[in-house]
Amino acid sequence: MISPPLVSIVDDDESIRESLPDLLREFGFAAMAFSSAEQFLASGLVDKTRCLILDISMPGMSGPKLKRELSRRQQDIPVVFITATGDENSRINEKELGGAECLLKPFSDVSLLAALKAALRVN
Amino acid sequence: MIDNVERRPWPGYVAKVSAVLVIMLGAIVLLGWIVKSPPLIQLLPNLPPMTRNAALCFGLCGIALLTLVIDGPRWVVCLCAGSVAFVSLTTIIEIVFRVDAGIDELLGSSFISVNLRSPGRMAPLTAVCFAFSSVALMLVPRPFTITSSLLVGLGGSIVTAFGAAAVVGYWGGVTLAALHTSFGLVILGVGILALAWRVEAHPMPTPPWLPLSVVIGVLTGIVGLWRALILGGYAPFSILPTVVLVVGCVVGPIFGLTVFLAQRGNAQATALRRSETFLQEAQHLSRTGSFSWDLSTDIVTFSAQAYRIYEFEAGPISFASIARMTHTDDMLLFLDMASRGRRGEDLDEEYRLCMGDQSVKHLHLVAHQCGANENFEYIGAIQDITDRRLSEEALDQVRSELARVARMTSLGTLTASIAHEVNQPLAGIVTNAGTCLRMLASDSPNVEGARETAKRTIRDANRASEVIKRLRALFVKNAANNELVDLSEATREVAVLLSNELQRSQVLLRTKLADALPPVLGDRVQLQQVIMNLLMNASDAMASVNDRPRQLVITTTRDHDNSVRLTVEDVGVGFLPDEANRLFEAFYTTKNRGMGIGLSVSRSIVERHNGRLWAVPNSGPGATFSFAIPLSTESPLGVGGGVGDGVTRGPNGQHAAGKL
């Protein structure tokens, strides 16, 4: 049996870390949550991660920084950004930055699924 | 003295004219000798002729004088004047020692010998005059000094006086020199005198030797006249020569004194003019005019700059015409100032003028009373401070604009901050609810999982509600209570409230609270909010500290400047010195979860109590936050004083910020 693709979540907000993995499992993914970029990089799951749900503003390494770091390591994992701050304008900026989808919190399960599918299809 | 020499133009012209006349005289007479024309040489047959040497000397002296006036080459002067000196001195030696040096007929034998003692020889007076002239001309240095011009002037005066005496001497028939020689000498003397006059050194407008020179000149002339009278047959101390001598001796010094007094007056007038010019220039530069106001006549006298400020035509000014210029809005102020002036008070006021073209001038007037009793007047200064006022107004405008922009920016930041705080739990709620639905909607509903997500939904919703509550607590406008607050006691209460929280965060709280601290007047709850905020900040700052005890020290003391101070010291992450000011900006935060409002609101509360709140980084790890509240009997909290406005800084805000 093929194991479900792993989606990793990096967010400093506990609510997201608790709720998102359950939702992702409902979608049929495997899910792991990390409270910081550093924790994710140290987890050894970077290679296995098929898609990354990434909070933009975090203490320590921010979401876009983590994405750049992964690009530098030539581990281009598709990313879906999520953020609690920001408006339409900054969302466009993020798209320009990484070409990745960006969801504004709170987001619906449907839009999350669509973003994940889009991100996985690109790669 | 030597530098700073100014030359007046007219003595130069006089000297030039003299030089030209003398050269012409010498040339004409020499021509007369060459063409053997007695009228040119002796004018009248019974008069003594002008010798060739004298004519030559006139010519040479004239050339030397002219060369000096036009600043010609020095060697010309020396050559001409030197030759004259040689000729005249040799002649004097011949006369004195009764010898013939053979110089008299150097230019050819004399064919006219009317009244000449020896053929071709100059008269003694002529020789002496030429000697003086030539020496004086050679003395003229470049540049002029006062001493040399004194000597030159003396020489010129003597020659003039001798010449004049010789002219006068013809009436007694005592003069041996030719008539035109005498006139020539007068002209030459005047020319040399004029040369001396050219020099003018600061700060003396006229040469100081002049009075003396006048005295000597007059006396020499008188002595010459006296001598001429004696030669003319008067006994030395008969009436006429004695009268001439006595009158001359009295008149000479009087002339000298007169010239001296005139000079001194002139010098004073010049000094006054200079000082007046300085004053006017200074008034112009500083845009300050002066005035006097005679209260008995109501007539106002303006300085030139005051006329310019008021844009008045020159002429007498009445008090009413000044009052008319005053800006309508400042009329009451002006009239009040005037009435105080009439009572004899010193004045220091700013008011505005409304000019003819409707432009407004800002003036600063300072005046004080001079003189005694009813007859006093005001002396004062008015300064045009329009430019300063305008730039101040522009500055104020920019400042308020800046404040407005800052407020708007803060508002935007506030919105973003609130959005962030609320969106986090909302995201959890939506995700949990979505998950819950999906869990229940599947073929085999995951009820246990759904229950779990529902619980989390409730928890996140509570969290959101907490955020809203916190915001309301910060922003609600509570009516402020005025009561006597013992800061030590208030701190103790907060410490008890927070003890559980601090224990959980593994913070060791040490309190050093002063006993019998004088109470401050203010709102107890607000001050406790500030204390709580400082304690929680300190605790948060130490959350990541694991290598040392998380020690928090809270101190209350009475300060020397009659205020009570509370200090919270932590060993946390601290802040950089250049962050010190930003700490108190609304929405500035170093925390991951903070909204950056606490310190800003705390400062606003403290400032409403007329106190100040500041922070300094510790020399070791951590930071120290303090606030001080003055002991005052007056109520610091005005009507509607609350915590609502977290952005506004109190009047002490700048001061406190400067302290950091």
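Leaving aside its neighbours within four places in sequence, Leu137(B) is in contact, meaning heavy atoms within 4.5 Å, with Cys61(B), Ala64(B), Leu65(B), Leu68(B), Val77(B), Ala81(B), Ile192(B) and Leu195(B). The model is a predicted one, in which local features need pLDDT of at least 70 and side-chain atom pairs count only at pLDDT 80 or more, while totals for chains, interfaces and linings use all residues. Residues are numbered from 1 along each chain as its sequence is written, chains are lettered from A and ligands numbered from 1 in the order in which they are written, and side-chain values use heavy atoms, with hydrogens and water left out.

Leu137(B), together with Met50(B) and Phe130(B), touches the most other members of the largest nonpolar core, which has 46 residues. Such a core is a set of buried Ala, Val, Leu, Ile, Met, Phe, Trp, Tyr and Cys residues joined through side-chain atoms within 4.5 Å, where buried means under 20% relative accessible area, exposed over 50% and partly exposed in between, with a 1.4 Å probe and protein chains only. Two or more residues each come from helix 1 (9–34), helix 3 (52–69), helix 4 (74–97), helix 5 (124–139), helix 6 (146–169) and helix 7 (179–197) of chain B; helices (H or I, at least four residues) and strands (E, at least two) are DSSP runs, numbered from the N terminus. Helix 3 of chain B gives the most, with 10 residues. Apart from this core lies another, of 36 residues, among them Leu487(B), Ala490(B), Leu517(B) and Leu566(B).

In one of them, Arg524(B) pairs with Glu489(B), the closest N and O atoms being 3.4 Å apart. Because Arg524(B) lies in helix 16 (residues 524–541) and Glu489(B) in helix 15 (residues 487–504) of chain B, the pair ties together parts that are 35 residues apart in sequence. Arg524(B) counts as buried at 16% relative accessibility, whereas Glu489(B), at 38%, counts as partly exposed.

Asp559(B) lies in the loop between strand 12 (550–558) and strand 13 (563–569) of chain B. Asp559(B) is buried, with a relative accessible area of 17%, and, neighbours within four places in sequence aside, is in contact with Arg565(B) and Ala628(B).

Chain A has 5 helices and 5 strands, which follow the pattern β-α-β-α-β-α-β-α-β-α along the sequence. Of its 123 residues, 51% count as buried, and residues 24 or more positions apart account for 63% of the contacts in chain A with a separation of 6 or more. Within this chain, Asp11(A), Asp55(A) and Lys105(A) are linked in a network of salt bridges.

Where the two chains meet, 22 residues of chain B are in contact with 21 residues of chain A. The buried area, which is the accessible area (1.4 Å probe) that two parts lose on being put together, summed over both, is about 1900 Å² between chain B and chain A, with carbon and sulfur atoms giving 52%. On the chain B side, Gln424(B), Thr431(B) and Arg438(B) lose the most area to chain A, together 30% of what that side buries. The count between the chains is 4 salt bridges, and the side chains of Glu18(A) and Arg459(B) meet in a salt bridge of 2.7 Å, N to O. Helix 13 (386–441) and helix 14 (447–475) of chain B each give two or more residues to the side that touches chain A, and the largest share, 15 residues, comes from helix 13 of chain B.
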